[in-house]
Amino acid sequence: MSDMEETQGPEGSGGPVAPHRVIGTPPPAPRLLGSTAVTEDGEAAEAAADEGFEEHLEGLPLDDPRVVVHGKRAERVVAACFTLAFISGCGFIAAYVGLGVHTLDKTLRSNLALGTSLSVTLVALGLGALIWVRHLMPDVEETEQRHDLRSDEKERQAFQAYFKEGTANSQFVKRPLVRRTLMLGTLPLIAAPVVLLRDSGPQPGTSLRNTVWSPGRRLLVYGTNTPVTPAQFSAPGGMITIVPDGFQDDQDALTKAAVILIKFRPGELNIPTRYNGSTLIGTMNWTVDNIVAYSKICTHVGCPVALYEQTTHHILCPCHQSTFEAPTGATVIFGPAPRPLPQLPMTVDREGFLVARSDFTQPVGPSFWERG
Amino acid sequence: MSRPAVSDTDFDVPKALSGTGGWLDDRFHGARGFRVLMRKVFPDHWSFLLGEIALWSFVVLLLTGTFLSLFFVPSMNEVVYHGSYTKLNGIRMSEAYASTLNISFDVRGGLLMRQIHHWAADLFMAALTIHMLRVFFTGAYRKPREVNWLIGIILFSLGLIEGLFGYSLPDDQLSGAGLRIFEGVLQGIPIVGTYLAYFLFGGPFPGHYIVPRMYIIHVLLIPGILLALITAHLFIMFHQKHTQMPGKGNTERNVTGQPFYPYFLAKGGAWFFFIFAALTLLATFATINPIWLYGPYTPVAISSASQPDWYMGILEGSLRMMPAWEWNFLGHTLSLSVLIPFIVPLTVILGGASLWPFFERWATGDKSYHNINDRPRNAPVRTGVGVATVVFYGILWAEGANDVIADKLQIPLYTVTWIARVAIIIGPPIAFLITRRVCLGLQRKDKEELLHGYESGIIRQLPHGEFIEVHQPVNEERRAVIEAKKVPALMPVPGSEDENGIPAPSSRGAFGWARGVANRAFAETVAVEADGHGNGHGNGNGHHGDGHGPEVAGEEHEAVGAQGSTGSAALPPGEGEEG
């Protein structure tokens, strides 16, 4: 602020005086005290100095008219701020009392009124305090000496001497049996908190390996909870979410059992069969009428794979962008998922509805240590 | 500044105050202690306000959080909603979600408090981050402040968990997906992962326990620890006194600033009101976490472009960037594509930050006290490592929004991820090298300024017609700032011995060799002294590594400054360049 003038370059050489501040030259050194980001920035500091609120009152006596006038002005501004805070604070209470909620529109109106009045109150209080400290309080700068953090040698030795004496008196060193049995005695207590946490949940067992799908369990369309026939799902290209009949609202079950159903055009589906050498050990071709069912739970960290791109037949997980190729058994073509989405074996029951042929043949969802 | 220097003390302290004060002093012997406390000097610099932002955000979090806890029901029991937000009428949801709707639409001021709370959490973490960067880049973590640095890192780590658990409490679709990811990651931990997940969630995900458990951790356990650590942080800062920036009259032995009462009290109070006001303005005009739009959690659905709060972005980005590595052996699965993103980035950054003060001390052999902060340019290795870390963090963080970047910049999604995968490897080293060069360049500019003055902007025509720009000497303040530079001493070369025949530390095996290399990197500098000191600056000054308490640096620098102002022309060409 007013440091500007004091810190101009030396002018005694008789040469031309440097202009106030040239862009690209180092700023006059800001004083650390009382200087904020504003004083570091020469431009802003000049602007502040030009406002006229800054006067050069240093060293003037208290009864100097300039000091008195400056003080009066600052006092009025501070008082205006605090009065505004009062009025706005009353407005806050009035808004609380006067404006109801319980509908979207009313809530938003109440939020606007409460928030605005509270903001104005807080800003006014802050501004008042700031102008007060910067324009009414005298500019005091103090220098304190730091004390050595390290105790002097005598203190340290006195401490050591007493510590030794106390330890000797405690007989802690001399009687190892007491020492060791004390440690022994506290040992179980240290383990106790861990032991006590045991009942916070069941052991996982094999529960991560299977889902609630079982032979004959119907596939229900998520949302409407209606069973589905292959004929109903006839338009190729779509994807629908399926939940198991009887568990539509069971979140624990759905976390593993959610399924997506995709319909292909004839010939598009190319799910590999599994060979061990040349022996056919299993088929992954558990589709019905070019409809395939994959687990909806991403094999990465378990997000629902909810995006399906019809033209490329890519299934995309919106969380971390693991991408699965639907026609070839939901194999991973990009992203952090380590393995394909498991396929749910399907068939139709006597009434023509899609049902599970069995549970998934491998664990669904994210990897875990015991998975193997 | 612009104010008179004395105030009139001719008034009587009200009886109520002086009486109470006397009553207390009779019992606590407090007059001396409280006088010292009131006169406690606080140095002023804009960057010292960053930690205060975190402090005041925390206060706002406590205030608004207490309000929210009066209305929030931490239960996962299912209810069918019939309430003010009619779009969700008839929908099954947890009581936690229903009560959050209730806070938003049926409690007056509830929506405002919820949004202030959420914004304050984001600001808290942001302020912590920036504050830690300030402390790192200025070397304020050095002796004697290492413990406070470590407390800060613990505060940051706890803040991450506190934030994650806090925004997961409403049990909405977005945060539920985040919680599911957290559970999926837990499962991936070798040997104990599934047990950890089952014990924390009380069985399979999502179960009925996680919201009440997160609630008690979020409102009692972690805030309690945070409060204790913040108190310790402030007391240690208070006891050790604040660092100060280099400047005229600032030495390692003093601290210059304004007293606590009334100056810092008023300024601190104003700062609190401003931060509270900023958060309130954000909460009023910028919607955050509109859980009513996300709907209640179901494991079956998800919305696209799901992003966590900003401070979790680094973990999200790490997960997105990782290739699908997994190792199956002996009937077990090691899920590297989950473990590496979960563990490595935060361990590298927070673990590295924890060890850094001790590494620097080992590499520089500097055991002295530091109360004057470094200018970042004067510590090229530290600043380089800091910027490299920022780049490392930044790439992971940006990758956390790779779908948004791909969408906005019209770059294929996989290309964004591939760019990030390459950048995370080559970005930090490049950032380190560039920053180090820039620092040395700025040191060279400082030296130039000290020796030849600054460009004054005055063009003068010489008698023979040539135009020159007049350079003017820098002022004393600037000179003090430039000359405050301190450079670690070079250790003796490998193979050398001291007068007692003890071999130099750098010749003790591979460890010693590494120490020598690090030491040379840290000691690289462009000397600013005009006395032809060259790169041996600090060598033989006797103030490094002697461990006998703080040096009296101010006197030393005054002496150098006095010499420099007259003898600048005496610097032989080529001297003082980096060695």
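Guide: Let's start with chain B of this predicted model: the chain has 19 helices and 8 strands.

Visitor: What share of chain B is buried?

Guide: Out of 579 residues in chain B, 45% are buried.

Visitor: How confident is the predictor about chain A?

Guide: The mean pLDDT of chain A is 82, and 81% of its residues reach 70 or more. Residues 1–19 of chain A are below 50, though, and this stretch has 38 contacts in the model beyond near neighbours in sequence. Residues 28–54 of chain A are below 50 too, with 52 such contacts.

Visitor: How do you know which residues of the two chains are in contact?

Guide: The test is whether their C-beta atoms lie within 7 Å. By that test, 111 residues of chain B are in contact with 107 residues of chain A. On chain B's side, the largest share comes from helix α10 (residues 260–285), with 14 residues. Sorted by kind, that side has 54 nonpolar, 39 polar and 18 charged residues.

Visitor: What makes β1 of chain A and β4 of chain B a pair?

Guide: Pairing takes at least two bridges, and 4 bridges join strand β1 (residues 142–145) of chain A to strand β4 (residues 254–259) of chain B. So by that cut-off they pair, and they run antiparallel. Here's a spot to look for: A:Glu142 stands opposite B:Gly257.

Visitor: Which residues touch the most other members of the largest nonpolar core?

Guide: Those are A:Val259, B:Phe124 and B:Leu279, in a core of 165 residues. Helix α5 (residues 110–137) of chain B gives the largest share, 16 residues.

Visitor: Why do you say this core lies between two domains of chain A?

Guide: Because domain 2 (65–135) and domain 3 (219–356) of chain A both give residues to this core.

Visitor: What does B:Leu279 touch?

Guide: Leaving out residues up to four places away in sequence, B:Leu279 touches B:Val60, B:Ile116, B:Trp119, B:Ala120 and B:Leu123.

Visitor: Which residues belong to the other core, apart from the largest one?

Guide: That core has 8 residues, among them B:Leu450, B:Tyr454, B:Ala480 and B:Ala484.

Note on methods: Residues numbered from 1 in each chain as written. Chains lettered and ligands numbered in written order. Predicted model: local features only at pLDDT ≥ 70, side-chain atom pairs only at ≥ 80, totals over all residues. Helix = DSSP H or I, 4+ residues; strand = E, 2+ residues; numbered from the N terminus. Buried ≥ 20, exposed ≤ 12 C-beta atoms within 10 Å, placed from the backbone. pLDDT = per-residue confidence, 0-100. Nonpolar A, V, L, I, M, F, W, Y, C, P; charged D, E, K, R; others polar. Core = buried A, V, L, I, M, F, W, Y, C linked by C-beta atoms within 7 Å. Domains from an automatic or database assignment.
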